[in-house]
Amino acid sequence: MRTAVIEAAGISKTFYPKKLPPVAALQDVNLIARTGQLTALIGPDGAGKTTFMRLLCGLMKADAGTLHVVGLDVAERPQAVQDELSYMPQKFGLYEDLTVQENLDLYADLHGITAAQRQERFARLLEMTGLTPFTGRLAGKLSGGMKQKLGLACTLVRSPKLLLLDEPTAGVDPLSRRELWEILQRLVQEEHLSVLVSTAYMEEASLCQDVYVLNRGRMLAAGTPEHLCRLAEGRCFSVLSPASFSLRILQSELLRDPCVTDAVPVGGRVRVITTTPAAVPAILKEHGWKKEPVAPRLEDAFMILLHQDAAQERQAVPGLSRTDGLIVDPLTQPVDIEARDLVRTFGDFVAVRHTSFQVHRGEVFGLLGPNGAGKTTTFRMLCGLLPATSGYLSVAGVNLRKARTQARANIGYVAQKFSLYGSLTVYENLRFFGGIYGLTRRQLERRITAVMEEFQLTEKADYVAERLPGGYKQRLSMAAALLHKPKILFLDEPTSGIDPLARRQFWQQITRLSAQGTTIIITTHFMDEAEYCDRIMIQDKGALLVLGRPDEIREKLHLPGADMNAVFIAIVEQARQKGNEGI
Amino acid sequence: MKLNRHSLRRMGALTRKEFFQLMRDQSSLLMGIVLPLILILIMGYGMSLDVKNVPTAIVLEDPSPTARQMVNFTEGSAYFSPVYVRSMRTAETLLAQHDVDAIIRVPQNFAADVNQGTAKVQVILNGTEATTAMSAQRYIEAAVLTWEAGLSVRSASAGQATTVSRIWFNDANTSAWFFVPGILMLVLTTSGVFLTSVVMAREWERGTFESLFVTPIKIGELILAKVLPYFVVAVFGMILCLIAGNVLYDLPMRGSLILLIGVSMLYLIISLGIGLVISALTKNQFLACQVSLMISFLPSVMLSGFLFDLHSQPLAIQIISQFLPTTYYLQLMKTLFLAGNYWPLIIRNGLILLGFAILFIGLAFRMTRKEME
């Protein structure tokens, strides 16, 4: 019997979008996945993971290379391959107007499962996914996590020779993610399932036996998680930020140091990867702060690989100048946003229930929670896009229920999909948005020059927006939102769909803006980004679960040094114990 | 495509799913069944070329009983609702404000002129409402002639007057007869092209096809299972229209009913084929809707001879209409309903429609593939 369930050699695939330069989605990719184990395909968004998955199941044809799946040539016999494997695309095709049971029945019929097999299999899948009580519910009415579990159940109505999962946990809350992985591991153990899973979460990839790292269409490295971790051996340290220095600023300063490959706040400390084991960043030398060695994780190795592969050298984000007020405790600053007993209902559905909080000047305030938690509704009320059903809300000293237009003059807004005009150039986009804010020609020219410099867009001034990579688009939309020098900046999921390096840069910008006194409200579904925030608010089912500094929350939960995913899981589990319905 | 037990079971599962969706998503049923009924009512009753209750300003500059008697026809008539005004100026204002659609002006000395045989009545109509204006004009002319006939004994005018009015009172009926075959065509076009292209595009858009593709399902099975429910809906809508046409408008059925249903199904297959081709090209509900509107629905209404008689169209449009399956189907329908089994036309148009059906269904199967772009 074959030991390899996937054998890919020299796979290339190029797309030719209309009016745009060709995109090499995959270049000379090799991959071997062994039978009966979990293989992970990791890489940032746009790395080519989905293209590779589609090639594997014969939904696309490769330009070059050979591809054997379950021993069959995919290019020659796509249907034969499709008969043998199960595939869960990123956007799994659940029929939202069918019930859980009807969705399962449909896939069972398509795979020709007999009634006897079906009974036993369904019971097991439903039990595993926790969907047993919901078989009569329409799939469209399930939460995000439950939808993913149902998608998995549908792909597993029979035990396939190969299971392909394309980012099964993207946008899913940490608790549901953990449950999905428990199901996967159980299946591999009990049924010797062969699985290839793509993911952007490194802690998930470390649960796999083999890991392949894909970036910009090329395979950067492959091996067991332990093997890959060795890349970062001796270069990982943890630095404790002293009370007088905010974590975010320390991280941002470290990242600017030439002997630092990567720095990220984790568990109330900054995790640093240095270029060599002996290197000591200047800021640590200057203050005499210690770096403690820590064991490398897969994520560290991943960041090192991405840095090595980065096409252009890292663009230095302007540092903090001495004049920037380094606010350590924003809570001592005046209140910029106040919400008291905020409620928003849609019909008889309560999207946000009795929520009160204050945001102070220069604070970075994070709204966290899974999809459907109510964070978008809260966010929209704050920026005056949606009136509150009841409660008091003031933004920059203006009562939002009375003077919405006036309040809007003080805020900048970066929408989730970056509302830019794709066919306009960077400069034209900025001109347009400046015009909307009512800047005079001279003011506008001055501000455009300033923001283009600030966000390193000067070189790309004449580029058409739709041809810019994701990171640039995000910077451009931030620049546009800052043209009128708003006191408060609202960012809705600004980091989704952006690669990790661009995310680091983004947070450096945020750090600088807040040091200059801009108040920042940000939503994100990346729990680890909560570490950058001064305070975070976690919502679930419209209710405020927790509000406070990340450290404070960890302390309250008796989880010192824990990462934000663990914190989130603990909070939700606690809420469940209190008798709430949970997720 | 081999039809074996597995294949039938897979198609059964998909068809069942499609029916569930159809029953739960009222908009499709609305489009397939309720819309045709509304169309048949609107076009049959509302769109008849009859005009009723035309608001008319009457300016009596001659206060004599003769003048009064002359405009008496507007009183108690279903066709006019008269408004008496004192001056021509007021009447003109009313016309300009669209408060009235017509002005009848009886000038001074009307009674005296009648006796001399030189009497004149001025009629002013609002030309922006061309249909109403034309109808109102003919009503007024007819009424005046009738009045004249009663007054004098000139038999020639009397005969003319009655002839004109008879054409008009028949018209409501003929326009319904003329519209029902067209509505049948519209029903089949909407269910076929619109519904099919939109529901297929929805599967592309929501990513449900990507999941379905990687199962043992064959593309042919997928297409057949997808269009079968909409075929049924369209046939149901068609039967409803036939019944409604018969019950409400006494539509004659001079040709063979079986033949009529047969060619309708053939036309339906063409529509489904076009819908499939559109969805394969666009893979997007909004675009599919737009394209369906542009290339099937509008030409069916405007260029096929449904609303406008093709013989009175410019040559270019007559040529374009020759490339539309709808033109041939509509000819067949009108013949079968109103004329009878005229075989040369039935065979010729039937063959042309068959050609279209093979073309579009062939294209649909060729273009819909188990592939993601």
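1. Over residues 222–245 of chain B, what percentage of the chain is helix, and how far apart are the end C-alpha atoms? In this predicted model, that stretch is 100% helix and 0% strand, with its end C-alpha atoms 35 Å apart. Residues 257–279 of chain B are likewise 100% helix and 0% strand, and here the end C-alpha atoms lie 33 Å apart. An unreviewed UniProt entry annotates "transmembrane region" in chain B, and the spans it covers include 222–245 and 257–279.

2. Now turn to chain A and look for an open sheet of six strands, in the order β6-β7-β8-β3-β9-β10 and with mixed pairing. β6 (85–88) and β10 (218–223) of chain A stand at the edges; each has a single partner strand, so one side of each has no neighbour in the sheet. From one strand to the next, the twist averages 15 degrees.

3. Start from Tyr212(A): its bridge partner in β10(A) is Ala222(A).

4. Next, find helix α1 (residues 49–56) of chain A. This helix lies across β3, β7, β8 and β9 of chain A, and runs at about 150 degrees to β7(A).

5. Finally, the nonpolar cores. The largest has 160 residues, and Leu56(A) and Leu164(A) have the most contacts inside it. Helix α7 (residues 155–206) of chain B gives the most to this core, with 16 residues. A second, separate core of 70 residues includes Ala388(A) and Val567(A).

Key. Residues are numbered from 1 along each chain as its sequence is written. Chains are lettered from A and ligands numbered from 1 in the order in which they are written. This is a predicted model: local features need pLDDT of at least 70, side-chain atom pairs count only at pLDDT 80 or more; totals for chains, interfaces and linings use all residues. Two strands pair if DSSP finds at least two bridges between them. Helices (H or I, at least four residues) and strands (E, at least two) are DSSP runs, numbered from the N terminus. Axes are lines fitted to C-alpha atoms, for helices over the stretch in contact, and angles run from 0 to 180 degrees between N-to-C directions. Two residues are in contact if their C-beta atoms, placed from the backbone, lie within 7 Å. UniProt positions are given in the numbering used here, feature names are shortened, and annotations may be inferred rather than shown by experiment. A nonpolar core is a set of buried Ala, Val, Leu, Ile, Met, Phe, Trp, Tyr and Cys residues joined through C-beta atoms within 7 Å. A residue is buried if 20 or more other C-beta atoms lie within 10 Å of its own, exposed if 12 or fewer, and partly exposed in between; C-beta atoms are placed from the backbone.
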